[in-house]
Amino acid sequence: MSEDHYFTADPAAPFKRETFTCQVWGRDLTLVSGSGVFSRGHLDHATAVLFRETEPPAAGRVLDLGCGYGVIGLAIARAVPGAAVTGVDVNERALLLARENADALGLADRFTACAPDAVPADATYDEIWSNPPIRIGKAALHELLLTWLPRLAPGGRAVMVVGKNLGADSLQRWLTEQGWPTSRLASAKGFRVLETRRG
């Protein structure tokens with residue numbers, strides 16, 4: 001029997017849901033996670049740093065890239081009544097949980113979770129927020145970012161958290177070299193919070 005990995009989980013297989021509550025931007029957020037999904041049963045360290053070192057975005061269209069069971073996107077939708085959030089992920093089980101969490105939190109009217117190929121080709125976003133899947137490998141990560149960053153509207157920005165030991169500083173340089181000026185918003189507990197701007 002093969003092990004479940006959060007990037008290959010089969011949503012048809014039985015899985016155990018696990019509920020937990022975390023505090024984000026001064027509000028309690030109760031979420032259901034599950035086996036085969038990244039960060040089951042707790043808020044991962046990187047995302048915790050992202051929340052602690054930022055303020056919620058302004059109202060507008062927001063993309064939660066690699067949304068998992070929806071923690072970043074749902075936190076934004078809850079904190080910003082004027083935000084319309086789209087969460088994308090390749091893990092169908094994560095998307096199922098994200099939709100269930102949106103329903104439970106009363107945010108399903110402003111948070112949509114879907115696979116990448118279900119996003120309309122002409123959809124653009126004022127902000128992209130992400131704890132990107134660094135472990136998919138550098139080439140795949142670069143392809144992912146260069147696929148979605150062009151979806152930013154003029155003047156838009158992406159906010160990402162990346163571990164320093166997982167290449168945050170080299171990623172910052174690479175993004176800038178690709179024409180996506182990237183600066184460091186914060187550094188805490190071994191993580192960098194990066195901001196990438198669209199001119």
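Three aromatic pairs are found in this structure, where rings of Phe, Tyr and Trp (its six-membered ring) pair if their centres lie within 6.5 Å, planes under 30 degrees apart counting as stacked, over 60 as edge-to-face and the rest as tilted. Please keep in mind that this is a predicted model, in which local features need pLDDT of at least 70 and side-chain atom pairs count only at pLDDT 80 or more, while totals for chains, interfaces and linings use all residues. Residues are numbered from 1 along each chain as its sequence is written, and side-chain values use heavy atoms, with hydrogens and water left out.

One of the pairs joins Trp25 and Phe51, whose ring centres are 5.1 Å apart with planes at 75°, so this pair is edge-to-face. Phe51 is buried, at a relative accessible area of 5%, and Trp25 is buried as well, at 19%, where buried means under 20% relative accessible area, exposed over 50% and partly exposed in between, with a 1.4 Å probe and protein chains only.

Trp25 also pairs with Trp129, the centres being 5.9 Å apart and the planes at 90°, so this pair too is edge-to-face. Trp25, Phe51 and Trp129 form one aromatic cluster.

Let me turn to the sheet. Seven strands make up an open sheet with mixed pairing, in the order S5-S4-S3-S6-S7-S9-S8; strands are DSSP runs (E, at least two residues), as helices are (H or I, at least four), numbered from the N terminus, and two strands pair if DSSP finds at least two bridges between them. Strands S5 (111-114) and S8 (182-188) stand at the edges with a single partner strand each, so one side of each has no neighbour in the sheet.
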